[in-house]
Amino acid sequence: IPAYDAEAIETKWQKTWADEELYKTDEDPSKPKKYVLEMFPYPSGDLHMGHARNYTIGDAMARQARMRGYDVLHPMGFDAFGLPAENAAIKHNTQASVWTHKNIAQAVKTMKRMGFSYDYDRTFNTCDPEYYKWGQWMFLKMWEKGLAYRSTSPVNWCPSCNTVLANEQVVEGRCWRCGSVPEKRELSQWYLKITDYAQELLDDLDKLTGWPENVKAQQRNWIGRSEGAEIDFALAAEDGVTPTDRKITVFTTRADTLFGVSFFLLPPESPLAAELVAGTEYEVAFNELKAATEKVSSVDRQGSEREKHGVFTGRYVINPINGRPAPIWVADYVLMDYGTGAVMGVPCGDQRDFDFAKKYGLEIAPIICEKDDPLYEQLKDEKELKVTSVDWDHAMEAEGYLVQSGEFTGLKGGKHSEAVEAIIKWLGERGLGREKVQFRLRDWLISRQRYWGNPIPMIHCDCCGDVPVPYDQLPVTLPDNLDLGAGETLAEYVPFYETTCPKCGKPAKRITDTMDTFTCSSWYYLRYCDPHNDEAPFSKEAVNRWMPVDNYIGGIEHAILHLLYSRFWTKVLRDLGMIDEDEPFTNLLCQGMVKDENGDVMSKSKGNVVPPSSVIGPYGADTMRLAILFIAPPEKDFDWDPKAVAGANRFIKRAWNIVWQLSQGAETGEVDHKALKGSAAELFRTLNGMGIKCTADFDRGQFNTAISAVMEIVNAASKYLNDEADVRDARLDFRVANDIVAMLAPICPHWAEELYHEALHLTGSVYNQPWPAFDAELAKGDEVEIAVQIKGKVRGRITVAADASDDEMTEAAKAAVADQLEGKDIKKVIVVKGRLVNIVAI
Ligand code: ANZ
Ligand code: ZN
């Protein structure tokens, strides 16, 4: 038996596979298709353990699908635009493309060393002009449909990344990339109208039965649909009581609380608020609050814990339902960009308003009560607002019954209640309010003030405004000779921006913003279907063949970034008639994190990174792959454990020896299982039982238990090989050796291919062989008849599997004598394997 020499075997097969183009996509329409995709990496250096885990999972799925007869698409490429490349280029005084391509080369080398079965013929980088050209093309299509637009509004500016961020990129109030707190700036920026798709993005989550619940929950929450109403309040004249013609509209989910409006709120950014206080005694305090609020993130402003700050404006609005004036305050917990940017303050029903009212001594009018509240008894028939203050210690946010609420008194109130409905109807009939669905989702801000990205294909002309670059002039290529080291930016680079207007021919200026790199990753999976197309981003035919992605594997950190943007992009392309799919990814697997031995996240700054090369070097890629998949189920975090790697290596060697031993003198052909004896019969049973389990575990993506199942077969084979020579069966030898090789082939590909050829003397590739078939009938063990006793007396006989566990025997015995046990107390059960169960019951 030859020694297991991982390095020699892996080099040999990697070369052969490449020479024979084994992993080139078949494009064979007679086979069912399977599209297996791992989220492509940002080439920031060599691959790390997280990548290795992600790609090993995908590779095991892709290889197994191949063996199960699918035409498999398994591509890989690089998400190559982005800030780190530019920052590295600035630091080392070089070009971002140079740094990027160097890293890509290193990553590809490691991918090849890991033996991943990619169709490299389809590889591309998003910084290739042949790719980003089509991103620009799609931008123009969106522009034509009104889905891309420019607008001036307050945006999040990251002071350390020197660019704006999308809302999705401000995570818990900080820049997703560098952790700095973004500043608000008023800038003219480019947006994609993802809000047009808010309802569909929400509804279609229900179709995604192959997605983890937590990812869907995060998206639902981010989209944030609220059903409520808009209600118009009239601004009162300076006397505070006479209504003027000016309306201020609020968004509320609780129209039922309208009688309890004690004050009215505007955010500090509100131009109306500034107008109302201008030149009054309230102006100074207002300006102070405005300045202080600018320093606080919107997440913090909304936090229920945070102390609220407000100032009075000196003015009032008139409540449309009862004509009562309510003072207008400016409060920092009100946001400019949610709803209408104005709020009706109802302290009795909203905790934030309650806290605010307490702090500033404002009315707390109880207009909704629970039935067991003493106030309910007192006010249940009261239609006029008599009581305007209560000594509650918190707001009544639950459901209750309206009191002091005119003709609506007595109705059930709360979110979506009959009172909400009745009051909206009343307002609607008078043109004072209307139903309104509000989303939290905002349009996607895509312009970035950075060089290394896809240029926005627009030109600004002083006469014609924003004019699209004509299609036949695409791509707008990124210059590759900026002096980044000296701090030069696209906005300062004359040869890039100086141009003429495509409409009027006068001198004009190119837009110097580039697109968020998440635009590049929003459709790369479509390009893989048809990567060399130079007439279109892809053909519909190719996309129809391969889409949707059957298995998508990647990190949970993309739950509301990449995974939401891609869903949006897919729907836009569908509406452009370019594809037929509504959703891009059928099954999503979010792999857990790889942490260090102590459970800390691996990071360069902590110095606890285990590079894949440190494992591949001494043990080989197959051991590494086996260890990664065996340590934990794919979706769970795991702590990197050197002992697990050594353990995986011991198993791979053991299995190697077992397969070699079995292969000597092995014979092909159907196993005559009836003739098998003792450990041979047991091995055959284990093979079928564990083979079925292994197959099912593969289908569920539970590779760790799939590997355990193979381990059981290896153990049974070892017992068999150590048994008397006369139990050996040459056909069984072959069958078991072959199946062990096949079942580990998706995980340890080089190991398997070597054994397939050298030990089993088979030709072709193990990946072109069918996945082995197993038979549940043949997995059943022998049965034995046992006695069932109650307190030592035989009361019945049952048959159970010879290898049934104590629990299984006990359950079967109890069921057999259930009638005799009725009303008795079971004190103890004695089980004698293969003979009897004695139930001690009194
Ligand atoms: C009156 C009211 C009474 C409210 C009550 C709640 C309870 P969701 O569910 O998140 O959509 N609101 C509206 N616009 C706001 C803004 N720009 N900034 C801060 N808060 C705003 O929340 C809707 C509720 O949030 C609205 O319903 C409004 O307060 C507040 F017993 O109106 B409510
Ligand atoms: Zn930043």
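Start by selecting helix 20 (residues 621-631) and helix 21. Helix 20 passes helix 21 in a right-handed crossing; a crossing counts as right-handed if the near helix is turned clockwise from the far one by less than a right angle, and as left-handed if anticlockwise. Helices (H or I, at least four residues) and strands (E, at least two) are DSSP runs, numbered from the N terminus.

This is a predicted model, in which local features need pLDDT of at least 70, side-chain atom pairs count only at pLDDT 80 or more, and totals for chains, interfaces and linings use all residues. Residues are numbered from 1 along each chain as its sequence is written, while chains are lettered from A and ligands numbered from 1 in the order in which they are written.

**Stop 1: helix 20 on helix 21**

The two helices pack at about 115°, with axes 8 Å apart. Axes here are lines fitted to C-alpha atoms, for helices over the stretch in contact, and angles run from 0 to 180 degrees between N-to-C directions. Show Asp622, Thr623, Leu626, Ala627, Phe630 and Ile631 of helix 20. Contact means C-beta atoms, placed from the backbone, within 7 Å. The contact divides into 8 nonpolar, 2 polar and 1 charged residues. Ala, Val, Leu, Ile, Met, Phe, Trp, Tyr, Cys and Pro count as nonpolar, Asp, Glu, Lys and Arg as charged, and the others, Gly among them, as polar.

**Stop 2: helix 21 on helix 23**

From helix 21, pick Phe651, Arg654, Ala655, Ile658, Gln661 and Leu662. Facing them in the contact are Met711, Val714, Ala717, Ser718 and Leu721 of helix 23. By class there are 8 nonpolar, 2 polar and 1 charged residues.

**Stop 3: helix 21 on helix 25**

Next, select helix 25 (residues 749-759). Its angle to helix 21 is about 15°, and the axes are 11 Å apart. Helix 21 is therefore roughly parallel to helix 25. The crossing is right-handed. Ile652, Trp656, Val659, Trp660 and Ser663 in helix 21 meet Trp751, Leu755 and Ala759 in helix 25. This contact has 7 nonpolar, 1 polar and no charged residues.

**Stop 4: ligand 1**

Center on ligand 1, which 17 residues surround. A residue is counted if its C-beta atom, placed from the backbone, lies within 6 Å. The closest are Ser226, Thr252, Arg254, Gly339 and Gly349. Strand 9 (243-252) and strand 13 (343-345) each give two or more residues to the shell. The shell has 7 nonpolar, 8 polar and 2 charged residues.

**Stop 5: backbone details**

Which bond is cis, with omega near 0°? Go to the peptide bond from Leu474 to Pro475. Pro475 sits in the loop between strand 22 (465-468) and helix 14 (494-497). A cis peptide bond also joins Met547 and Pro548, with omega about -5°. Pro548 lies between helix 17 (540-546) and strand 26 (549-555), in the loop. Then jump to Glu21, which has a positive phi of about 50° although it is not a glycine. Glu21 is in the loop between helix 1 (6-20) and strand 1 (33-38).

Conventions:
Two residues are in contact if their C-beta atoms, placed from the backbone, lie within 7 Å. Angles under 35 degrees count as roughly parallel, over 145 as roughly antiparallel, 65 to 115 as roughly perpendicular and the rest as oblique.
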